[in-house]
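Hi,

Here is the structure I said I would pass on. Have a look at it first, and my notes on what turned up in it follow below.

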Amino acid sequence: MLPALQSSVATILDGVNVGRGYGPVEAEDRMRTQELGTASVDVWHILEFDYSRLPRQSIGQFHEGDAYVVKWKYVVSTSGEWRLYCVRGEAPVEGHLLEVACHCSSLRSRASMILLNINRAIIYLWHGCKTQLHTRGVGNTAALKIKEQCPLEAGLHSSSKVSIHECDEGAEPPGFWEALGRKDRKAYDCMLQDTGKFNFTPRLFQLSSTSGEFVASEFFHLSRAADLGWWPQDSECTGSARIRWDADRKCAMETVLQYCREKNEKKPQKSYLIHAGLEPLTFTNMFPSWEHREDVAEITEGEAEVCNQIILVEDVLARLSQNTFPLAQLRARPLPEGVDPLRLELYLSDRDFERQDAVPATKGNSFVFCTAVLNSCCDVDGERSSRFGESECIVPFAFLCTVYIQKKILVCILEDFLCDIRHSELKRKITITLKCEDSASSLFVHHQLYKEIIFEGYTMMKLFRKAAARETFIVKAAGIFESVSACWQKTEKEPHRVLAKKKMSSQVRLRLLPSARCLFDEPLRLTVAGLRSRQLVALRALATDDKGVAFSSSATYRADAGGDIDLARDPSLSGSYVGVEPAGLLWSLRPDVLHTRFHKKCSLNPHVVNFSVHEGEGEGEGRMLAQAAGERRLIADGVGRRPVKEGNVRGVLFTPPGEGPFPAVLDLYTLDLGLSEKRASLLASRGFVVLTVALYGHDDNPKNIKEVHLDLFEEAIQFLKKQDKVGSKGVGVISLSKSGDLALSIASFLPDVEATVWINGCSANTVFPLYYKKKQILPPLMFDIGKLVHTESGAFIGKYVMNSTEAEENKATVVPIERAKGRFLFVAAEDDLNWDSKAYVDEMVERLQRHGKENFESVIYPGAGHYLEPPYGPNCPSSFHGLAGKPALWGGEASAHAAAEVHLWKKIQEFFRTHLSCGAAQTRAKL
């Protein structure tokens with residue numbers, strides 16, 4: 001027999017223990033038990049090239065060999081008799097409670113705590129001995145609020161009769177300690193014996209140079225400072241990360257000591273160094289809660305010097321500031337703390353420095369980076385180039401060596417090195433291999449060559465074989481000519497920095513791939529090259545719509561070790577978006593004017609976006625390093641555009657290049673005033689004959705309408721079918737928003753409609769009565785203006801404003817889609833704030849299935865908002881609502897919405913190509 005399980009089942013989903021999926025589960029802090037319940041279950045059936053959402057009655061039925069995606073929403077509620085809260089806030093009106101582990105280690109002598117028994121409805125209001133008067137007031141107000149409101153989230157209910165018992169630290173009743181497990185004042189930083197007043201506010205600063213400048217950033221709320229960082233685990237690291245870490249530590253310690261001196265110059269306050277994982281209670285109890293990290297403690301405990309010691313900041317700073325070491329220590333590994341491995345010669349004493357034979361005794365002069373002296377000329381493809389003389393050669397590789405200047409005479413220290421120059425057919429570049437003796441005298445040269453090469457890339461360099469007795473040395477790099485001797489006179493300490501600065505500013509390159517000129521719906525990949533290793537920069541985008549409104553976006557990126565950034569690989573650290581988003585700068589463009597939509601209606605006007613790279617991060621005025629302009633066209637080369645004004649039809653016809661035949665599509669954009677060509681022209685660029693029509697507000701159409709006539713769309717379909725390049729027997733119809741119910745009516749009442757795409761609309765005829773052959777065929781489903789949800793931004797949410805389609809008086813407004821002969825593609829965004837689109841999709845699917853129909857497929861996009869348009873355009877969270885006459889929120893999370901648009905655009909094209917057949921059959925109207 002199998003042995004019985006000794007522990008409960010633990011199923012971990014996204015870091016949460018959900019046990020068996022129901023009932024009690026153990027909380028993460030192991031202090032309490034939580035209750036798990038199911039909120040909802042959704043299932044999708046995954047096919048080879050598609051997927052569909054299962055109706056409620058089919059959930060739980062699975063077919064062998066098929067794939068399914070199950071979305072389970074669950075609710076975790078806290079169980080247990082006692083709960084402990086820390087009182088936060090400076091005034092009663094802003095007071096709030098932070099729940100902490102119900103244990104005596106969570107007590108704070110400088111805070112007020114609320115201990116709640118949910119079964120007996122008892123509150124212990126506990127005040128620490130150093131609690132300030134205003135904090136006591138906030139605690140009293142919070143306790144009274146709990147007593148008055150009896151919140152369900154706290155485990156109480158309306159019938160609970162809450163009693164409050166107030167007590168001070170040191171005079172707690174027995175029941176208080178029983179709730180916390182035991183009476184142990186050593187578990188927290190008890191201040192009963194401390195005579196200090198502690199009537200001050202602790203301040204927390206983060207000291208860092210990640211932005212390129214060493215700054216102190218203050219955390220104004222201590223509970224938000226969750227991640228304070230720790231010492232590097234690899235103490236043998238000699239890379240740039242260790243150098244920056246040591247430099248930051250030194251600057252931070254100097255800042256702290258200077259602060260202490262300025263606070264009390266005669267008797268500066270002592271400052272102590274605290275290590276992550278080994279924080280004392282005096283430190284952790286300044287925070288409302290603290291999570292002890294064993295993994296961090298193990299890393300810190302590896303440093304023997306920091307274990308169980310009180311370390312003064314000034315002692316550590318003295319070690320970091322030591323500037324002279326014996327040669328033996330510099331040759332040993334790991335290097336002494338605070339030593340820059342790229343400038344080891346700076347730490348030698350004068351005596352040790354002068355003993356190195358290969359290094360001239362010119363320690364007073366710093367390094368100057370110039371070109372290397374080679375003993376042979378360049379050999380390209382096995383043949384010696386006749387362009388190079390004996391004394392010089394040109395190598396397409398930015399290779400620099402260390403040269404010293406003494407009395408204006410250049411002496412090359414690499415004369416005895418053998419240089420083997422080979423040509424690589426694969427990468428078409430020159431590779432240089434240096435062979436040097438493994439000696440102490442070569443140690444510093446080796447580091448300079450491989451760790452501190454400033455000029456990188458494939459720059460043409462002119463290399464002089466010998467430069468003795470020359471008073472000037474000309475360096476040619478990326479079009480910059482600089483006299484080293486002149487540069488030496490300008491800055492005697494570090495002349496190489498002058499050269500490096502000019503070189504870097506001209507070498508940064510911003511590329512738009514695959515091309516700077518492409519179609520609007522094509523993906524764009526941005527790359528940046530030529531930056532410093534690990535440099536922090538801001539990438540920005542700026543565009544203007546047809547109304548002259550400016551749209552902008554920005555994101556902060558960090559270059560890799562080679563100074564490159566690739567938006568398809570590297571994540572944005574902050575800005576308009578975060579994470580790996582290749583097209584993030586496009587879809588995150590935001591208008592300068594609130595509640596403004598990106599207007600790009602005419603297909604002849606390309607979407608021009610100006611991209612730029614700037615020093616630093618964010619939207620500040622950092623120096624521009626590179627820029628490039630991208631032209632995203634709405635119409636491909638060869639696509640025909642013809643305005644249409646025939647009969648009652650007003651619109652624009654787009655025809656693809658070539659003889660055809662092509663499938664035909666009728667584009668019903670929205671009831672927006674005027675005509676939008678963007679989607680139609682892009683579909684035509686993908687091989688469809690598309691007619692986009694206007695219902696009102698275009699050309700000689702009326703400015704406003706009170707009713708809609710299907711005759712107009714029947715006329716438009718017949719016009720479309722007569723076009724020479726059209727090869728499909730019927731036409732496709734694509735819609736969005738209000739035009740969704742128009743598309744349903746066209747497919748249900750008119751002939752020749754083979755495929756219909758419905759996007760975020762309604763299942764009933766809305767707002768306007770629908771007529772055909774001068775007879776009303778569908779009354780309008782109206783709305784209740786009182787259901788509008790107004791927000792602080794001034795925009796409203798209209799998701800639930802429409803009257804119910806299931807009400808008896810509104811059933812006649814529902815479009816009879818079961819009459820349609822063609823196929824449907826229903827598309828709904830779960831976060832659509834304009835329509836309850838997902839609910840309408842469920843209604844239509846249920847109606848078709850009830851009539852025995854299978855001529856449909858549906859796609860639901862979690863996180864997407866209302867305006868699902870062709871991809872890579874600016875996301876529109878809110879804009880002016882044409883019918884309501886005021887701003888509306890459209891919903892959606894920007895990143896999820898952008899991903900949905902990319903997927904949907906491909907889905908629409910596949911759907912039309914699959915279901916728009918060829919032929920020339922003519923049928924009569926169904927009415």
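Let me start with helix H15, where the buried residues are Ser-739, Gly-740, Asp-741, Leu-742, Ala-743, Leu-744, Ser-745, Ile-746, Ala-747, Ser-748 and Phe-749. Buried here means under 20% relative accessible area, exposed means over 50%, and partly exposed is in between (1.4 Å probe, protein chains only). Helices (H or I, at least four residues) and strands (E, at least two) are DSSP runs, numbered from the N terminus. With eleven of its eleven residues buried, H15 is largely enclosed by the rest of the structure.

Before going on, a word on the source: this is a predicted model, so local features need pLDDT of at least 70 and side-chain atom pairs count only at pLDDT 80 or more, while totals for chains, interfaces and linings use all residues. Residues are numbered from 1 along each chain as its sequence is written, and side-chain values use heavy atoms, with hydrogens and water left out.

Back to H15, which spans residues 739-749 and holds Asp-741. Asp-741 is buried because its relative accessible area is 0%. What does its side chain pair with? The side chains of Asp-741 and Lys-738 are joined by a polar contact of 2.9 Å, and another polar contact, also listed at 2.9 Å, links Asp-741 to the side chain of Thr-766. (A polar contact is a pair of N or O atoms within 3.5 Å; within protein, one must be able to donate a hydrogen and the other to accept it, and residues adjacent in sequence count only if both atoms are side-chain atoms.) Setting aside neighbours within four places in sequence, Asp-741 is in contact (heavy atoms within 4.5 Å) with Trp-758, Cys-762, Ala-764, Asn-765, Thr-766 and Val-815.

Next, Arg-650, which sits in strand S38 (residues 649-655). Arg-650 counts as buried because its relative accessibility is 10%. A polar atom of its side chain lies 2.9 Å from the backbone oxygen of Gly-647. Beyond four places in sequence, the contacts of Arg-650 include Val-644, Thr-692, His-698 and Asp-700.

Now the nonpolar cores, meaning sets of buried Ala, Val, Leu, Ile, Met, Phe, Trp, Tyr and Cys residues joined through side-chain atoms within 4.5 Å. The largest has 101 residues, and those touching the most other members are Leu-691, Phe-713, Phe-826 and Phe-912. Helix H14 (residues 710-721) gives the most to this core, seven residues. A second, separate core has 34 residues, among them Leu-524 and Val-613. Outside four places in sequence, Leu-691 touches residues including Val-652, Leu-666 and Phe-719.

Asn-605 makes a contrast: it is in the loop between strand S34 (590-591) and strand S35 (607-615), and at 33% relative accessibility Asn-605 counts as partly exposed. Leaving out neighbours within four places, Asn-605 is in contact with Asp-546, Lys-600 and Leu-634. Asn-605 and Arg-632 are 27 residues apart in sequence and 9.4 Å apart in space, C-alpha to C-alpha.

For the overall picture, the protein has 17 helices and 51 strands, and 47% of its 927 residues count as buried. Of the contacts with a separation of 6 or more, 66% are between residues 24 or more positions apart.

Best wishes
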